[in-house]
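Student: I would like to learn how to read a few local features in a protein model. Could we go through them one at a time, with the general idea before the case?

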Amino acid sequence: MQLLEEIEIKVQQVPDDSLGTVLRPLWDKALERIEADHQAEVGGQELAREIAVVMDAVLLATYRRVVDRAAGAHALVALGGYGRCEMAPHSDVDLLFLCEREQDKVPEFVSGVLNPLWDLGFEVGHSSRTLVETVQLAREDLESRTAMMDGRLLAGDETLFAEFQERLYKRVPKRTISDLDTWRRQRVATWQSVQLLEPNIKESPGGLREMQVFDWALKAKAKTPEVNELRGQYLDAGDVERLARSRTFLWRVRHALHFAVGRKRDVLEHDLKPQIAAGLGYEDELQELAVERFMRDYYLHARTAYHLVELAFRR
């Protein structure tokens with residue numbers, strides 16, 4: 001039996017107060033399989049998608065248990081990294097309960113979906129908003145806007161979700177790209193260098209956030225959630241490929257950090273570097289230690305990401 005089918009079946013067979021107890025071994029089993037894929041050198045982004053697929057299975061199984069508590073048209077929407085299907089083993093989970101009307105917000109429905117995630121120990125960001133509230137927030141707040149631009153329908157009313165996306169992209173403020181560039185430059189000024197002794201794989205200059213900002217700018221420019229075909233308008237084919245390789249490498253490092261620590265950890269601390277290097281297959285050589293080779297590759301990929309995104313924004 002496939003793991004996702006096993007989750008679906010077992011979740012339907014237990015009372016609410018036992019749901020976390022049932023889901024924990026299934027989630028752990030899924031992570032064991034994903035860690036084995038990681039050790040077999042499966043690509044970092046492919047692994048990130050695998051984790052999102054398992055999270056989808058958990059959420060959809062719990063959603064179906066309580067959907068009869070919902071009222072009116074609604075859509076359950078994954079936001080941010082979860083919406084992009086880019087998750088590390090212990091990433092946060094961001095959700096939007098999108099409603100057509102104020103009276104369609106039902107706390108019992110929302111808590112029924114979220115309680116199993118809390119029981120599993122996930123950090124869950126969530127909100128319940130009407131379509132009007134959501135679009136207004138997106139116009140006013142850059143961070144909310146970018147999270148929504150990554151939105152992905154998990155369950156519920158497809159028409160409502162399509163209207164949400166249409167309104168969101170139709171009303172993306174013209175200043176969005178310049179705001180993203182300013183935000184990016186402020187981050188760079190704060191961190192000051194790509195070659196940090198203990199870089200944050202996600203947030204430091206040249207980290208994963210660098211490439212996410214580029215994608216958000218593309219989405220805002222083209223007013224569409226699909227960006228894979230747009231990168232080549234600002235970078236040549238070779239640079240697009242180099243950026244993709246750097247993204248894959250950084251995702252492998254982030255997965256390795258989460259697996260090594262057993263919880264969310266994005267800072268590559270000094271004491272962890274040898275363990276991460278070994279886990280990624282680096283070995284000592286006569287003239288260079290494994291950790292030195294690993295960090296040399298990290299800085300190469302971080303510089304690549306930083307300079308290519310900078311180049312794209314200047315164009």
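**Reading local features**

Tutor: At 19% relative accessibility, Cys85 counts as buried, because the cut-off for buried is under 20%. Please keep in mind throughout that this is a predicted model.

Student: Where does Cys85 lie, and what is its phi?

Tutor: Most residues other than glycine have a negative phi. Cys85, in the loop between helix H4 (80-83) and strand E2 (93-99), has a positive phi of about 60° although it is not a glycine. Glu41 also has a positive phi, near 70°, and is likewise a residue other than glycine; its place is the loop between H2 and H3.

Student: Is Glu41 buried or exposed?

Tutor: Glu41 is exposed, with a relative accessible area of 56%, whereas Cys85 counts as buried at 19%.

Student: How should I read a pair of aromatic rings, and how many such pairs does a search of the whole structure find?

Tutor: A pair of aromatic rings is described by the distance of the centres and the angle of the planes. The search of the whole structure finds eight aromatic pairs. In one of them, the rings of Trp27 and Phe122 have their centres 5.0 Å apart and their planes at 85°, so the pair is edge-to-face, given that angles over 60 degrees are counted that way. This pair links distant parts of the chain, since Trp27 belongs to helix H2 (residues 19-39) and Phe122 to the loop between helix H5 (107-119) and strand E3 (124-130), 95 residues apart. Trp27 is buried, with a relative accessible area of 5%, and Phe122 is buried as well, with a relative accessible area of 11%.

Student: Which geometry do Phe161 and Phe164 have as an aromatic pair?

Tutor: Phe161 and Phe164 form a tilted pair, at 5.8 Å centre to centre and with 40° between the planes. They are separated by about one helical turn, because they are three residues apart in helix H8 (residues 158-170). Phe161 is buried, and Phe164 is buried too.

Student: How do I read the packing of two helices, taking H6 and H8 as the case?

Tutor: Two packed helices are described by the angle between their axes and the distance between the axes. Here the axes of helix H6 (residues 131-140) and H8 come within 10 Å and cross at roughly 30°, and H6 and H8 are therefore roughly parallel to each other. The crossing in which H6 passes H8 is right-handed. On the H6 side, Leu131, Val132, Thr134, Val135 and Ala138 take part, and they meet Leu160, Glu163, Phe164, Arg167 and Leu168 in H8.

Student: What does Leu131 contact, leaving aside its neighbours within four places in sequence?

Tutor: With those neighbours set aside, Leu131 is in contact with Leu98, Cys99, Leu160, Glu163, Phe164 and Arg167. Leu131 and Leu160 are 29 residues apart in sequence, yet 8.2 Å apart in space, C-alpha to C-alpha. Leu131 counts as buried, at 5% relative accessibility.

Student: And where is Thr62, and what does it touch?

Tutor: Thr62 lies in helix H3 (residues 44-66) and counts as buried at 1% relative accessibility. Not counting residues up to four places away in sequence, Thr62 touches Val11, Leu19, Leu23, Val113 and Pro116.

Methods: Residues numbered from 1 in each chain as written. Predicted model: local features only at pLDDT ≥ 70, side-chain atom pairs only at ≥ 80, totals over all residues. Heavy atoms only, no water. Phe/Tyr/Trp six-rings, centres within 6.5 Å; stacked < 30°, edge-to-face > 60°. Helix = DSSP H or I, 4+ residues; strand = E, 2+ residues; numbered from the N terminus. Buried < 20%, exposed > 50% of the residue type's maximum accessible area, 1.4 Å probe, protein only. Contact = heavy atoms within 4.5 Å. Axes fitted to C-alpha atoms, helices over the stretch in contact; angles between N-to-C directions. Parallel < 35°, antiparallel > 145°, perpendicular 65-115°, else oblique. Left-handed = near helix turned anticlockwise from the far one by under 90°.
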